[in-house]
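Here are my notes on the structure you asked about. Keep the picture open while you read, and look up each residue as it comes along.

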Amino acid sequence: MTTSPLTIVAEFRIPAEHRDHFLELCAYDSAHSVADESGCQRFEAVCPLDDPQTVILVEVYDDEAAFEAHLATPHFKVFEVAVKELGADLVSLRKTARIAPRG
């Protein structure tokens, strides 16, 4: 199975009182990831319609190296610190490979 592109699916549980701030941070990280990282193809934050305290990030990178580069960026560091300060819990982080459509 190929790992190109690499899709990251990260699920967070957010305290209600910090949800709006967390969503602003997601928008900041998303905008900078897509604009500033040549290896970031897509970065979206989504919420289940029936669970506003859950936020899921769906990020697509060229490969594992591009994702590792993302983790070293200044905008990710801002996000990483804020996640801890806001009491957000990382429920799961999955690295996935696209199966379809092919190529």
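1. A quick term before we start: a residue is called buried when its relative accessible area is under 20%, exposed when that value is over 50%, and partly exposed in between (1.4 Å probe, protein chains only). K77, for example, is partly exposed, with a relative accessible area of 39%.

2. Some housekeeping. The model is predicted, and local features need pLDDT of at least 70, side-chain atom pairs count only at pLDDT 80 or more, while totals for chains, interfaces and linings use all residues. Residues are numbered from 1 along each chain as its sequence is written, and side-chain values use heavy atoms, with hydrogens and water left out.

3. What does the record say? An unreviewed UniProt entry carries the annotation "domain: ABM" over residues 6–99; its positions are given in the numbering used here, feature names are shortened, and annotations may be inferred rather than shown by experiment. Over residues 6–99 the chain is 40% helix and 34% strand, and the end C-alpha atoms sit 11 Å apart. Helices (H or I, at least four residues) and strands (E, at least two) are DSSP runs, numbered from the N terminus.

4. Now the inside. A nonpolar core here is a set of buried Ala, Val, Leu, Ile, Met, Phe, Trp, Tyr and Cys residues joined through side-chain atoms within 4.5 Å. The largest one has 21 residues, and F12, F22, L57, Y61 and F79 have the most contacts inside it. At least two residues of this core come from each of β1 (6–13), α1 (19–36), β2 (40–46), β3, α2 (64–71) and α3 (74–85). In soluble globular proteins, nonpolar side chains tend to be buried together.

5. Take F22 as an example. Contact means heavy atoms within 4.5 Å. Skipping neighbours within four places in sequence, F22 touches F12, I14, V55, F79, V83, L86 and A88.

6. Salt bridges next: a side-chain nitrogen of Lys or Arg within 4 Å of a carboxyl oxygen of Asp or Glu. How many does a search of the whole structure find? There are 4. One of them joins R13 and D51 (2.6 Å, N to O), and this pair links distant parts of the chain, with R13 in strand β1 and D51 in the loop between β2 and β3, 38 residues apart. R13 is partly exposed at 36% relative accessibility, and D51 is partly exposed at 23%.

7. Two other pairs are worth a look. E44 bridges to R42, with the closest N and O atoms 3.3 Å apart; E44 is partly exposed at 36%, and R42 is partly exposed at 37%. E80 bridges to K77 at 3.8 Å between the closest N and O atoms. Because E80 and K77 are 3 residues apart in helix α3, they are separated by about one helical turn.

8. Finally, is E59 buried or exposed? E59, in strand β3 (residues 54–61), is buried yet has no salt bridge, and the nearest side chain of opposite charge, R42, is 10 Å away. For charge, Lys and Arg count as positive and Asp and Glu as negative; His and the chain ends are not counted. Leaving aside neighbours within four places in sequence, the residues in contact with E59 include L6, T7, F67 and H70.
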